[in-house]
Amino acid sequence: MDNNRDRYISILEELIRLTHSEDFDREAYLVWVNDACKYYRLSKAETEFYATPMKEQKKQGEIFCDFDTGEQGKPLVHHRIITRTKATVIGTLYSAEERETYTEQELVELDALLRIVMGFVSRMRLIRTLDELGFSDVAGFKNFRAFARFLDIANSENRLGGKVAFHIDLHNFTMVNQEIGRQNGDLVLTNYYNMIQNAIGDTGIIVRLGGDKFVGLFDRSVKRQVYALFTEALVPYDEKEDKRVRVTASAGIYMLPDPFMLKVYGDIMDKVMMASTTAKRQTDSAIVVYDDRMKKEREHVKKVQMEFRQALADEEFQVYYQPKVDIDTREISGAEALCRWLKNGRIVPPMEFIPILEINTDICDLDFYMLDHVCQHIRKWLDEGRDVVRISVNFSRKHLVDVDLLDHIISVIDKNNVPHEYIEIELTETTTDVMFRDLRRVVSGLQQQGIWTAVDDFGMGYSSLNLIRDIPWNVLKIDKSFVPKDDEEENSIRNLMFKHVISLAKDIGLECVIEGVETVKQLDVLRRNHCNIAQGYFFDRPLPLPEFESRLDQKVYPELT
(Lines give C-alpha, C1' and ligand atoms only; values in the text may rest on other atoms or scores of the structure.)
Protein backbone atom coordinates (compact mmCIF):
# COMPACT_ATOMS: atom_id res chain seq x y z
CA MET A 1 0.00 0.00 0.00
CA ASP A 2 2.91 2.32 0.83
CA ASN A 3 4.43 1.59 -2.55
CA ASN A 4 1.19 2.60 -4.23
CA ARG A 5 1.11 5.78 -2.15
CA ASP A 6 4.70 6.60 -3.06
CA ARG A 7 3.96 6.01 -6.72
CA TYR A 8 0.96 8.35 -6.55
CA ILE A 9 3.05 11.06 -4.81
CA SER A 10 5.70 10.70 -7.53
CA ILE A 11 3.11 11.01 -10.33
CA LEU A 12 1.51 14.02 -8.60
CA GLU A 13 4.82 15.84 -8.06
CA GLU A 14 5.82 15.31 -11.70
CA LEU A 15 2.46 16.66 -12.88
CA ILE A 16 2.78 19.75 -10.69
CA ARG A 17 6.34 20.34 -11.94
CA LEU A 18 5.28 20.06 -15.58
CA THR A 19 2.18 22.24 -15.31
CA HIS A 20 3.80 25.00 -13.28
CA SER A 21 6.97 25.36 -15.33
CA GLU A 22 7.41 28.67 -17.17
CA ASP A 23 8.61 26.77 -20.22
CA PHE A 24 5.96 24.12 -20.78
CA ASP A 25 7.47 20.95 -22.29
CA ARG A 26 4.65 19.25 -24.17
CA GLU A 27 6.72 16.19 -25.06
CA ALA A 28 7.52 15.58 -21.39
CA TYR A 29 3.88 16.13 -20.52
CA LEU A 30 2.77 13.50 -23.06
CA VAL A 31 5.24 11.03 -21.55
CA TRP A 32 3.71 11.72 -18.13
CA VAL A 33 0.17 11.23 -19.48
CA ASN A 34 1.14 7.92 -21.06
CA ASP A 35 2.85 6.62 -17.90
CA ALA A 36 0.07 7.77 -15.55
CA CYS A 37 -2.73 6.34 -17.68
CA LYS A 38 -0.97 2.99 -17.97
CA TYR A 39 -0.33 2.90 -14.24
CA TYR A 40 -4.02 3.49 -13.50
CA ARG A 41 -5.09 1.03 -16.20
CA LEU A 42 -7.06 3.65 -18.20
CA SER A 43 -8.19 3.16 -21.79
CA LYS A 44 -8.64 6.84 -22.64
CA ALA A 45 -8.07 10.34 -21.18
CA GLU A 46 -9.84 13.34 -22.72
CA THR A 47 -10.28 17.05 -21.95
CA GLU A 48 -12.54 19.59 -23.71
CA PHE A 49 -12.39 23.38 -23.70
CA TYR A 50 -15.13 25.81 -24.82
CA ALA A 51 -14.48 29.56 -24.60
CA THR A 52 -18.19 30.47 -24.15
CA PRO A 53 -21.46 28.70 -23.31
CA MET A 54 -22.67 29.26 -26.88
CA LYS A 55 -19.54 27.61 -28.27
CA GLU A 56 -20.20 24.63 -25.97
CA GLN A 57 -23.76 24.36 -27.29
CA LYS A 58 -22.46 24.39 -30.85
CA LYS A 59 -19.55 22.08 -29.97
CA GLN A 60 -17.16 24.74 -31.24
CA GLY A 61 -14.26 24.05 -28.95
CA GLU A 62 -11.06 22.06 -28.58
CA ILE A 63 -10.89 18.39 -27.63
CA PHE A 64 -7.60 16.98 -26.39
CA CYS A 65 -7.18 13.21 -26.31
CA ASP A 66 -3.56 12.55 -25.39
CA PHE A 67 -4.07 8.89 -24.46
CA ASP A 68 -6.26 6.33 -26.16
CA THR A 69 -5.68 2.57 -26.30
CA GLY A 70 -8.51 2.14 -28.76
CA GLU A 71 -10.36 -0.17 -26.36
CA GLN A 72 -14.06 0.30 -25.79
CA GLY A 73 -14.34 1.97 -22.40
CA LYS A 74 -16.74 3.58 -19.99
CA PRO A 75 -16.44 6.89 -18.09
CA LEU A 76 -14.67 6.38 -14.80
CA VAL A 77 -14.10 9.95 -13.56
CA HIS A 78 -15.86 12.96 -15.09
CA HIS A 79 -15.83 16.67 -14.23
CA ARG A 80 -17.29 19.81 -15.83
CA ILE A 81 -15.98 23.16 -14.60
CA ILE A 82 -17.22 26.64 -15.52
CA THR A 83 -14.59 29.35 -15.04
CA ARG A 84 -15.16 32.97 -13.98
CA THR A 85 -14.97 33.99 -17.63
CA LYS A 86 -17.78 31.48 -18.39
CA ALA A 87 -15.42 29.17 -20.27
CA THR A 88 -16.22 25.46 -19.84
CA VAL A 89 -13.61 22.75 -19.19
CA ILE A 90 -14.66 19.09 -19.28
CA GLY A 91 -12.45 16.18 -18.28
CA THR A 92 -13.18 12.47 -18.59
CA LEU A 93 -11.14 9.40 -17.72
CA TYR A 94 -12.23 6.07 -19.19
CA SER A 95 -11.56 2.50 -18.08
CA ALA A 96 -11.93 -0.63 -20.18
CA GLU A 97 -15.14 -2.59 -19.53
CA GLU A 98 -13.33 -5.78 -18.50
CA ARG A 99 -10.82 -4.17 -16.19
CA GLU A 100 -10.91 -4.86 -12.46
CA THR A 101 -12.78 -2.42 -10.28
CA TYR A 102 -10.97 0.55 -8.77
CA THR A 103 -10.41 1.07 -5.10
CA GLU A 104 -11.83 4.15 -3.41
CA GLN A 105 -8.28 5.44 -2.92
CA GLU A 106 -7.51 5.08 -6.64
CA LEU A 107 -10.64 7.02 -7.55
CA VAL A 108 -9.65 9.79 -5.12
CA GLU A 109 -6.18 9.93 -6.69
CA LEU A 110 -7.55 9.98 -10.25
CA ASP A 111 -10.03 12.69 -9.26
CA ALA A 112 -7.22 14.87 -7.89
CA LEU A 113 -4.99 14.33 -10.94
CA LEU A 114 -7.84 15.11 -13.35
CA ARG A 115 -8.68 18.32 -11.52
CA ILE A 116 -5.07 19.49 -11.74
CA VAL A 117 -4.94 18.66 -15.46
CA MET A 118 -8.24 20.50 -16.04
CA GLY A 119 -6.99 23.52 -14.13
CA PHE A 120 -3.84 23.51 -16.24
CA VAL A 121 -5.82 23.15 -19.49
CA SER A 122 -8.14 25.92 -18.40
CA ARG A 123 -5.27 28.26 -17.61
CA MET A 124 -3.41 27.51 -20.84
CA ARG A 125 -6.52 27.83 -23.03
CA LEU A 126 -7.60 31.06 -21.35
CA ILE A 127 -4.14 32.54 -21.85
CA ARG A 128 -4.35 31.59 -25.50
CA THR A 129 -7.91 32.94 -25.74
CA LEU A 130 -6.80 36.26 -24.26
CA ASP A 131 -3.88 36.27 -26.67
CA GLU A 132 -6.29 35.70 -29.55
CA LEU A 133 -8.56 38.47 -28.31
CA GLY A 134 -5.61 40.82 -28.07
CA PHE A 135 -4.09 39.95 -31.41
CA SER A 136 -7.19 39.10 -33.46
CA ASP A 137 -10.36 40.94 -34.38
CA VAL A 138 -13.89 39.65 -33.78
CA ALA A 139 -13.91 37.86 -37.14
CA GLY A 140 -10.73 35.93 -36.33
CA PHE A 141 -8.33 37.92 -38.52
CA LYS A 142 -4.99 38.94 -37.03
CA ASN A 143 -5.06 42.62 -36.12
CA PHE A 144 -2.53 45.46 -36.11
CA ARG A 145 -1.26 44.43 -32.65
CA ALA A 146 -0.22 41.12 -34.18
CA PHE A 147 1.55 43.00 -36.98
CA ALA A 148 3.32 45.26 -34.47
CA ARG A 149 4.41 42.24 -32.41
CA PHE A 150 5.72 40.50 -35.55
CA LEU A 151 7.69 43.62 -36.48
CA ASP A 152 9.12 43.97 -32.96
CA ILE A 153 10.31 40.37 -32.85
CA ALA A 154 11.74 40.42 -36.39
CA ASN A 155 13.41 43.77 -35.69
CA SER A 156 15.02 42.48 -32.48
CA GLU A 157 16.39 39.53 -34.46
CA ASN A 158 17.54 41.77 -37.33
CA ARG A 159 15.26 39.97 -39.85
CA LEU A 160 13.42 42.92 -41.43
CA GLY A 161 16.06 43.89 -43.98
CA GLY A 162 15.00 43.07 -47.56
CA LYS A 163 11.39 42.26 -46.67
CA VAL A 164 8.43 43.61 -48.63
CA ALA A 165 5.75 45.52 -46.73
CA PHE A 166 2.31 46.07 -48.23
CA HIS A 167 -1.08 47.66 -47.73
CA ILE A 168 -3.99 46.46 -49.86
CA ASP A 169 -7.50 47.77 -50.33
CA LEU A 170 -9.90 45.37 -52.05
CA HIS A 171 -11.71 46.80 -55.03
CA ASN A 172 -15.50 47.14 -54.94
CA PHE A 173 -15.92 44.52 -52.23
CA THR A 174 -19.25 46.09 -51.28
CA MET A 175 -20.53 44.92 -54.65
CA VAL A 176 -19.31 41.38 -53.90
CA ASN A 177 -21.40 41.39 -50.71
CA GLN A 178 -24.39 42.68 -52.64
CA GLU A 179 -24.07 40.01 -55.32
CA ILE A 180 -23.48 36.90 -53.19
CA GLY A 181 -24.70 38.00 -49.75
CA ARG A 182 -22.89 39.12 -46.62
CA GLN A 183 -22.28 35.60 -45.31
CA ASN A 184 -20.67 34.42 -48.54
CA GLY A 185 -18.81 37.72 -48.75
CA ASP A 186 -17.30 37.08 -45.32
CA LEU A 187 -16.23 33.63 -46.52
CA VAL A 188 -14.60 35.15 -49.60
CA LEU A 189 -12.72 37.60 -47.38
CA THR A 190 -11.49 34.79 -45.13
CA ASN A 191 -10.46 32.57 -48.04
CA TYR A 192 -8.65 35.41 -49.78
CA TYR A 193 -6.84 36.23 -46.53
CA ASN A 194 -5.81 32.59 -46.17
CA MET A 195 -4.63 32.43 -49.79
CA ILE A 196 -2.30 35.36 -49.18
CA GLN A 197 -1.10 33.98 -45.84
CA ASN A 198 -0.33 30.62 -47.47
CA ALA A 199 1.62 32.37 -50.23
CA ILE A 200 3.53 34.44 -47.66
CA GLY A 201 4.34 31.47 -45.43
CA ASP A 202 5.72 31.48 -41.88
CA THR A 203 8.35 34.16 -42.58
CA GLY A 204 5.72 36.87 -43.10
CA ILE A 205 2.32 38.00 -41.93
CA ILE A 206 -0.94 39.54 -43.12
CA VAL A 207 -3.36 41.31 -40.77
CA ARG A 208 -6.63 43.16 -41.24
CA LEU A 209 -6.84 46.85 -40.42
CA GLY A 210 -10.61 46.83 -40.81
CA GLY A 211 -13.23 46.20 -43.48
CA ASP A 212 -11.45 45.06 -46.64
CA LYS A 213 -8.09 46.69 -45.88
CA PHE A 214 -5.03 44.62 -44.99
CA VAL A 215 -1.38 45.19 -44.21
CA GLY A 216 1.51 42.76 -44.02
CA LEU A 217 5.05 41.70 -44.74
CA PHE A 218 6.66 38.97 -46.86
CA ASP A 219 9.98 37.76 -48.28
CA ARG A 220 11.04 38.92 -51.72
CA SER A 221 11.36 35.26 -52.70
CA VAL A 222 7.53 34.96 -52.82
CA LYS A 223 6.90 38.37 -54.39
CA ARG A 224 5.62 36.95 -57.68
CA GLN A 225 3.06 34.67 -55.99
CA VAL A 226 1.79 37.42 -53.67
CA TYR A 227 1.63 40.04 -56.42
CA ALA A 228 -0.42 37.63 -58.53
CA LEU A 229 -3.03 37.43 -55.75
CA PHE A 230 -3.13 41.22 -55.49
CA THR A 231 -3.68 41.56 -59.24
CA GLU A 232 -6.41 38.93 -59.46
CA ALA A 233 -7.57 35.98 -57.38
CA LEU A 234 -10.46 33.62 -58.06
CA VAL A 235 -11.71 33.00 -54.54
CA PRO A 236 -14.15 30.15 -53.74
CA TYR A 237 -17.04 30.47 -51.33
CA ASP A 238 -18.45 26.93 -51.20
CA GLU A 239 -17.03 23.64 -49.93
CA LYS A 240 -16.63 22.11 -53.41
CA GLU A 241 -14.94 25.31 -54.63
CA ASP A 242 -17.29 25.40 -57.62
CA LYS A 243 -18.50 28.93 -56.84
CA ARG A 244 -15.84 31.60 -57.12
CA VAL A 245 -15.60 35.37 -57.38
CA ARG A 246 -12.87 37.56 -58.82
CA VAL A 247 -11.08 39.63 -56.19
CA THR A 248 -8.64 42.42 -57.05
CA ALA A 249 -6.80 44.85 -54.85
CA SER A 250 -5.02 48.17 -55.01
CA ALA A 251 -1.65 47.57 -53.37
CA GLY A 252 0.91 49.94 -51.89
CA ILE A 253 4.37 48.39 -51.59
CA TYR A 254 7.48 49.39 -49.67
CA MET A 255 10.71 47.50 -50.33
CA LEU A 256 12.57 47.55 -47.04
CA PRO A 257 16.29 48.24 -47.56
CA ASP A 258 18.86 45.74 -46.33
CA PRO A 259 19.94 46.25 -43.62
CA PHE A 260 16.89 47.88 -42.02
CA MET A 261 16.21 48.74 -38.39
CA LEU A 262 12.73 49.81 -37.37
CA LYS A 263 12.52 52.86 -35.10
CA VAL A 264 8.79 53.54 -35.20
CA TYR A 265 5.97 51.73 -37.00
CA GLY A 266 5.47 54.81 -39.14
CA ASP A 267 8.76 54.00 -40.88
CA ILE A 268 6.79 51.29 -42.67
CA MET A 269 3.13 52.31 -42.38
CA ASP A 270 3.55 55.84 -43.74
CA LYS A 271 5.24 54.55 -46.87
CA VAL A 272 2.84 51.71 -47.68
CA MET A 273 -0.14 53.99 -47.06
CA MET A 274 1.24 56.65 -49.42
CA ALA A 275 1.83 54.05 -52.12
CA SER A 276 -1.61 52.54 -51.53
CA THR A 277 -3.31 55.94 -51.90
CA THR A 278 -1.58 56.37 -55.25
CA ALA A 279 -2.61 52.86 -56.31
CA LYS A 280 -6.28 53.54 -55.52
CA ARG A 281 -6.26 56.47 -57.94
CA GLN A 282 -5.27 54.09 -60.72
CA THR A 283 -6.87 50.79 -61.77
CA ASP A 284 -8.58 48.21 -59.56
CA SER A 285 -5.49 45.97 -59.59
CA ALA A 286 -2.73 48.57 -59.43
CA ILE A 287 0.48 47.79 -57.57
CA VAL A 288 2.48 50.89 -56.68
CA VAL A 289 5.93 50.76 -55.10
CA TYR A 290 6.89 53.58 -52.77
CA ASP A 291 9.63 55.99 -53.81
CA ASP A 292 10.91 59.33 -52.52
CA ARG A 293 8.71 61.20 -55.02
CA MET A 294 5.68 60.11 -52.98
CA LYS A 295 7.15 61.72 -49.89
CA LYS A 296 7.39 65.02 -51.77
CA GLU A 297 3.81 64.59 -52.99
CA ARG A 298 2.64 64.01 -49.43
CA GLU A 299 4.46 67.13 -48.27
CA HIS A 300 2.74 69.03 -51.09
CA VAL A 301 -0.65 67.69 -49.98
CA LYS A 302 -0.05 68.85 -46.41
CA LYS A 303 1.15 72.25 -47.66
CA VAL A 304 -1.97 72.79 -49.79
CA GLN A 305 -4.27 71.71 -46.97
CA MET A 306 -2.51 74.02 -44.52
CA GLU A 307 -2.59 77.03 -46.89
CA PHE A 308 -6.14 76.54 -48.18
CA ARG A 309 -8.07 78.30 -45.40
CA GLN A 310 -5.93 81.42 -45.47
CA ALA A 311 -6.03 81.49 -49.27
CA LEU A 312 -9.82 81.31 -49.12
CA ALA A 313 -9.94 84.17 -46.61
CA ASP A 314 -7.54 86.24 -48.75
CA GLU A 315 -9.62 85.51 -51.89
CA GLU A 316 -6.65 84.11 -53.76
CA PHE A 317 -9.06 81.88 -55.68
CA GLN A 318 -10.32 83.61 -58.82
CA VAL A 319 -13.27 82.78 -61.06
CA TYR A 320 -12.34 82.23 -64.71
CA TYR A 321 -15.08 81.78 -67.30
CA GLN A 322 -15.00 79.54 -70.35
CA PRO A 323 -17.73 80.51 -72.83
CA LYS A 324 -20.28 78.11 -74.27
CA VAL A 325 -21.03 79.05 -77.87
CA ASP A 326 -23.98 78.43 -80.16
CA ILE A 327 -22.13 77.30 -83.30
CA ASP A 328 -25.05 78.28 -85.55
CA THR A 329 -25.46 81.90 -84.36
CA ARG A 330 -21.88 82.27 -82.94
CA GLU A 331 -23.40 83.84 -79.80
CA ILE A 332 -22.28 83.17 -76.25
CA SER A 333 -25.06 81.06 -74.76
CA GLY A 334 -23.49 80.54 -71.36
CA ALA A 335 -20.23 79.88 -69.56
CA GLU A 336 -18.64 77.52 -67.07
CA ALA A 337 -17.04 78.98 -63.95
CA LEU A 338 -13.60 77.49 -63.37
CA CYS A 339 -11.35 78.02 -60.37
CA ARG A 340 -7.82 79.42 -60.63
CA TRP A 341 -5.54 79.93 -57.65
CA LEU A 342 -3.45 83.10 -57.97
CA LYS A 343 -0.62 82.72 -55.47
CA ASN A 344 2.40 85.02 -55.30
CA GLY A 345 1.82 86.20 -58.85
CA ARG A 346 1.56 82.65 -60.22
CA ILE A 347 -1.49 80.68 -61.33
CA VAL A 348 -1.50 77.32 -59.54
CA PRO A 349 -2.84 74.71 -62.02
CA PRO A 350 -6.13 73.13 -60.83
CA MET A 351 -4.64 69.63 -60.90
CA GLU A 352 -2.16 70.74 -58.24
CA PHE A 353 -4.85 71.55 -55.68
CA ILE A 354 -8.37 70.35 -56.68
CA PRO A 355 -7.65 66.59 -56.15
CA ILE A 356 -6.08 67.45 -52.78
CA LEU A 357 -9.12 69.43 -51.65
CA GLU A 358 -11.29 66.48 -52.69
CA ILE A 359 -9.52 64.25 -50.17
CA ASN A 360 -11.68 65.79 -47.47
CA THR A 361 -14.53 68.32 -47.47
CA ASP A 362 -12.35 71.33 -48.29
CA ILE A 363 -13.64 71.09 -51.86
CA CYS A 364 -17.17 71.80 -50.61
CA ASP A 365 -16.06 75.11 -49.11
CA LEU A 366 -14.33 76.03 -52.36
CA ASP A 367 -17.46 75.17 -54.38
CA PHE A 368 -19.61 77.51 -52.27
CA TYR A 369 -16.93 80.19 -52.50
CA MET A 370 -17.11 79.89 -56.29
CA LEU A 371 -20.93 79.97 -56.29
CA ASP A 372 -20.95 83.08 -54.11
CA HIS A 373 -18.47 84.93 -56.36
CA VAL A 374 -20.31 83.88 -59.52
CA CYS A 375 -23.53 85.27 -58.01
CA GLN A 376 -21.75 88.52 -57.12
CA HIS A 377 -20.57 88.84 -60.74
CA ILE A 378 -24.04 88.11 -62.15
CA ARG A 379 -25.59 90.68 -59.84
CA LYS A 380 -22.98 93.22 -61.00
CA TRP A 381 -23.70 92.48 -64.69
CA LEU A 382 -27.43 92.82 -64.14
CA ASP A 383 -26.96 96.13 -62.35
CA GLU A 384 -24.75 97.37 -65.21
CA GLY A 385 -27.39 96.45 -67.78
CA ARG A 386 -25.34 93.76 -69.49
CA ASP A 387 -26.91 90.86 -71.34
CA VAL A 388 -26.35 88.08 -68.80
CA VAL A 389 -25.92 84.43 -69.73
CA ARG A 390 -26.43 81.33 -67.57
CA ILE A 391 -23.31 80.38 -65.61
CA SER A 392 -22.60 76.80 -64.57
CA VAL A 393 -20.81 76.05 -61.29
CA ASN A 394 -19.23 72.68 -60.52
CA PHE A 395 -20.20 70.89 -57.32
CA SER A 396 -18.29 67.87 -56.03
CA ARG A 397 -19.94 64.53 -55.18
CA LYS A 398 -18.83 65.21 -51.60
CA HIS A 399 -21.84 67.54 -51.25
CA LEU A 400 -24.33 64.70 -51.68
CA VAL A 401 -24.04 63.65 -48.05
CA ASP A 402 -25.35 67.07 -47.01
CA VAL A 403 -29.09 66.64 -46.49
CA ASP A 404 -29.48 70.44 -46.47
CA LEU A 405 -27.48 71.00 -49.66
CA LEU A 406 -30.48 72.41 -51.54
CA ASP A 407 -31.16 75.02 -48.85
CA HIS A 408 -27.48 75.98 -48.72
CA ILE A 409 -27.31 76.55 -52.50
CA ILE A 410 -30.52 78.60 -52.58
CA SER A 411 -29.42 80.74 -49.64
CA VAL A 412 -26.22 81.77 -51.47
CA ILE A 413 -28.11 82.62 -54.67
CA ASP A 414 -30.85 84.53 -52.87
CA LYS A 415 -28.38 86.37 -50.65
CA ASN A 416 -26.94 87.90 -53.81
CA ASN A 417 -30.40 88.63 -55.23
CA VAL A 418 -29.77 86.59 -58.40
CA PRO A 419 -32.67 85.15 -60.42
CA HIS A 420 -32.45 81.36 -60.25
CA GLU A 421 -32.51 80.87 -64.04
CA TYR A 422 -29.00 82.35 -64.34
CA ILE A 423 -27.43 79.56 -62.27
CA GLU A 424 -26.63 76.03 -63.44
CA ILE A 425 -25.21 73.44 -61.04
CA GLU A 426 -22.95 70.81 -62.61
CA LEU A 427 -22.74 67.44 -60.88
CA THR A 428 -20.77 64.39 -61.98
CA GLU A 429 -21.87 60.79 -62.44
CA THR A 430 -22.19 58.58 -59.36
CA THR A 431 -21.14 54.98 -58.80
CA THR A 432 -23.34 53.74 -55.94
CA ASP A 433 -27.06 53.33 -55.41
CA VAL A 434 -27.00 55.50 -52.27
CA MET A 435 -25.26 58.36 -54.06
CA PHE A 436 -27.63 57.93 -57.00
CA ARG A 437 -30.63 58.44 -54.72
CA ASP A 438 -29.01 61.50 -53.14
CA LEU A 439 -28.20 62.88 -56.59
CA ARG A 440 -31.79 62.45 -57.73
CA ARG A 441 -33.06 64.19 -54.58
CA VAL A 442 -30.76 67.18 -55.07
CA VAL A 443 -31.38 67.56 -58.81
CA SER A 444 -35.15 67.32 -58.36
CA GLY A 445 -35.03 69.95 -55.63
CA LEU A 446 -32.98 72.34 -57.76
CA GLN A 447 -35.40 71.84 -60.64
CA GLN A 448 -38.33 72.82 -58.45
CA GLN A 449 -36.52 76.04 -57.58
CA GLY A 450 -35.90 76.93 -61.23
CA ILE A 451 -32.15 76.30 -60.97
CA TRP A 452 -30.65 74.55 -63.98
CA THR A 453 -28.76 71.28 -63.54
CA ALA A 454 -26.18 69.57 -65.71
CA VAL A 455 -24.60 66.13 -65.61
CA ASP A 456 -20.90 66.77 -66.12
CA ASP A 457 -18.41 64.57 -68.01
CA PHE A 458 -21.12 62.25 -69.36
CA GLY A 459 -19.41 59.39 -71.18
CA MET A 460 -16.17 59.66 -69.22
CA GLY A 461 -17.09 56.96 -66.73
CA TYR A 462 -19.23 53.86 -66.97
CA SER A 463 -22.47 55.72 -67.38
CA SER A 464 -25.86 54.14 -67.00
CA LEU A 465 -28.87 55.24 -69.00
CA ASN A 466 -30.64 55.34 -65.63
CA LEU A 467 -28.67 58.53 -65.02
CA ILE A 468 -30.63 60.42 -67.68
CA ARG A 469 -33.80 58.35 -67.43
CA ASP A 470 -34.47 58.72 -63.70
CA ILE A 471 -32.98 62.16 -62.97
CA PRO A 472 -34.58 65.31 -64.43
CA TRP A 473 -31.49 67.07 -65.82
CA ASN A 474 -31.62 70.16 -68.03
CA VAL A 475 -28.21 69.78 -69.62
CA LEU A 476 -26.02 66.89 -70.73
CA LYS A 477 -22.35 67.84 -70.86
CA ILE A 478 -20.50 65.33 -73.01
CA ASP A 479 -16.82 64.85 -72.24
CA LYS A 480 -14.31 65.43 -75.02
CA SER A 481 -13.16 61.80 -74.79
CA PHE A 482 -16.56 60.84 -76.18
CA VAL A 483 -16.27 63.13 -79.21
CA PRO A 484 -15.07 61.45 -82.45
CA LYS A 485 -11.52 62.21 -83.54
CA ASP A 486 -10.80 64.13 -86.72
CA ASP A 487 -9.49 61.07 -88.55
CA GLU A 488 -12.22 58.62 -87.53
CA GLU A 489 -14.41 56.94 -90.11
CA GLU A 490 -18.05 58.00 -90.31
CA ASN A 491 -19.21 54.51 -89.26
CA SER A 492 -16.72 54.11 -86.39
CA ILE A 493 -18.10 52.94 -83.05
CA ARG A 494 -17.32 56.31 -81.45
CA ASN A 495 -19.12 58.19 -84.24
CA LEU A 496 -22.17 55.95 -84.03
CA MET A 497 -22.35 56.13 -80.23
CA PHE A 498 -21.93 59.91 -80.28
CA LYS A 499 -24.68 60.28 -82.87
CA HIS A 500 -27.18 58.17 -80.94
CA VAL A 501 -26.43 59.67 -77.52
CA ILE A 502 -27.02 63.17 -78.95
CA SER A 503 -30.22 62.02 -80.64
CA LEU A 504 -31.48 60.36 -77.46
CA ALA A 505 -30.69 63.40 -75.32
CA LYS A 506 -32.46 65.78 -77.68
CA ASP A 507 -35.48 63.48 -77.93
CA ILE A 508 -35.96 63.58 -74.16
CA GLY A 509 -35.49 67.35 -74.04
CA LEU A 510 -31.91 67.68 -72.80
CA GLU A 511 -29.66 70.49 -73.95
CA CYS A 512 -26.34 69.06 -75.12
CA VAL A 513 -23.03 70.80 -74.53
CA ILE A 514 -19.86 69.32 -76.03
CA GLU A 515 -16.67 69.98 -74.08
CA GLY A 516 -13.13 70.14 -75.39
CA VAL A 517 -13.93 71.30 -78.95
CA GLU A 518 -10.65 72.30 -80.61
CA THR A 519 -10.96 71.82 -84.39
CA VAL A 520 -13.19 72.72 -87.33
CA LYS A 521 -13.73 69.04 -88.07
CA GLN A 522 -15.15 68.54 -84.58
CA LEU A 523 -17.54 71.42 -85.25
CA ASP A 524 -18.62 69.67 -88.44
CA VAL A 525 -19.38 66.52 -86.41
CA LEU A 526 -21.51 68.61 -84.05
CA ARG A 527 -23.42 70.21 -86.92
CA ARG A 528 -24.10 66.86 -88.59
CA ASN A 529 -25.55 65.57 -85.33
CA HIS A 530 -27.59 68.72 -84.64
CA CYS A 531 -25.67 69.56 -81.48
CA ASN A 532 -25.19 73.31 -81.49
CA ILE A 533 -23.59 74.20 -78.12
CA ALA A 534 -19.81 73.84 -77.87
CA GLN A 535 -17.19 74.69 -75.30
CA GLY A 536 -13.45 74.52 -75.88
CA TYR A 537 -10.20 76.14 -76.95
CA PHE A 538 -11.46 76.54 -80.51
CA PHE A 539 -13.39 79.52 -79.14
CA ASP A 540 -11.70 80.51 -75.92
CA ARG A 541 -9.60 79.26 -73.07
CA PRO A 542 -10.97 79.99 -69.57
CA LEU A 543 -10.94 83.78 -69.27
CA PRO A 544 -10.36 86.05 -66.28
CA LEU A 545 -13.29 88.27 -65.34
CA PRO A 546 -12.33 91.42 -67.37
CA GLU A 547 -11.73 89.43 -70.55
CA PHE A 548 -14.97 87.48 -70.17
CA GLU A 549 -16.89 90.70 -69.66
CA SER A 550 -15.42 91.96 -72.95
CA ARG A 551 -16.66 88.75 -74.60
CA LEU A 552 -20.13 89.36 -73.14
CA ASP A 553 -20.12 92.88 -74.56
CA GLN A 554 -18.95 91.54 -77.93
CA LYS A 555 -21.86 89.04 -77.84
CA VAL A 556 -21.04 87.34 -81.16
CA TYR A 557 -17.84 85.58 -82.20
CA PRO A 558 -16.37 86.35 -85.64
CA GLU A 559 -17.21 83.98 -88.52
CA LEU A 560 -15.99 80.49 -87.62
CA THR A 561 -13.40 79.04 -90.00
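Which side chain does that of Lys477 join in a polar contact of 3.3 Å?

## Lys477 and its surroundings

The partner is Glu515, whose side chain meets that of Lys477 at 3.3 Å in a polar contact (a pair of N or O atoms within 3.5 Å; within protein, one must be able to donate a hydrogen and the other to accept it, and residues adjacent in sequence count only if both atoms are side-chain atoms). This is a predicted model, in which local features need pLDDT of at least 70 and side-chain atom pairs count only at pLDDT 80 or more, while totals for chains, interfaces and linings use all residues. Residues are numbered from 1 along each chain as its sequence is written, and side-chain values use heavy atoms, with hydrogens and water left out.

Lys477 belongs to strand 18, residues 475–478 (strands are DSSP runs of E, at least two residues, and helices runs of H or I, at least four, numbered from the N terminus). Because its relative accessibility is 0%, Lys477 counts as buried (under 20% relative accessible area, with exposed over 50% and partly exposed in between, for a 1.4 Å probe and protein chains only). Beyond its neighbours within four places in sequence, Lys477 has contacts that include Lys324, Glu336, Glu426, Asp456, Asp457 and Gln535 (heavy atoms within 4.5 Å).

## Cysteines

The structure holds zero disulfides (pairs of cysteine sulfur atoms within 2.5 Å). Cys339 is accordingly in none, and the nearest cysteine sulfur, that of Cys364, is 14 Å away; Cys339 is buried, with a relative accessible area of 10%. The sulfur of Cys531 lies 5.0 Å from that of Cys512, its closest cysteine sulfur, which is too far for a bond, and Cys531 is buried at 3% relative accessible area.
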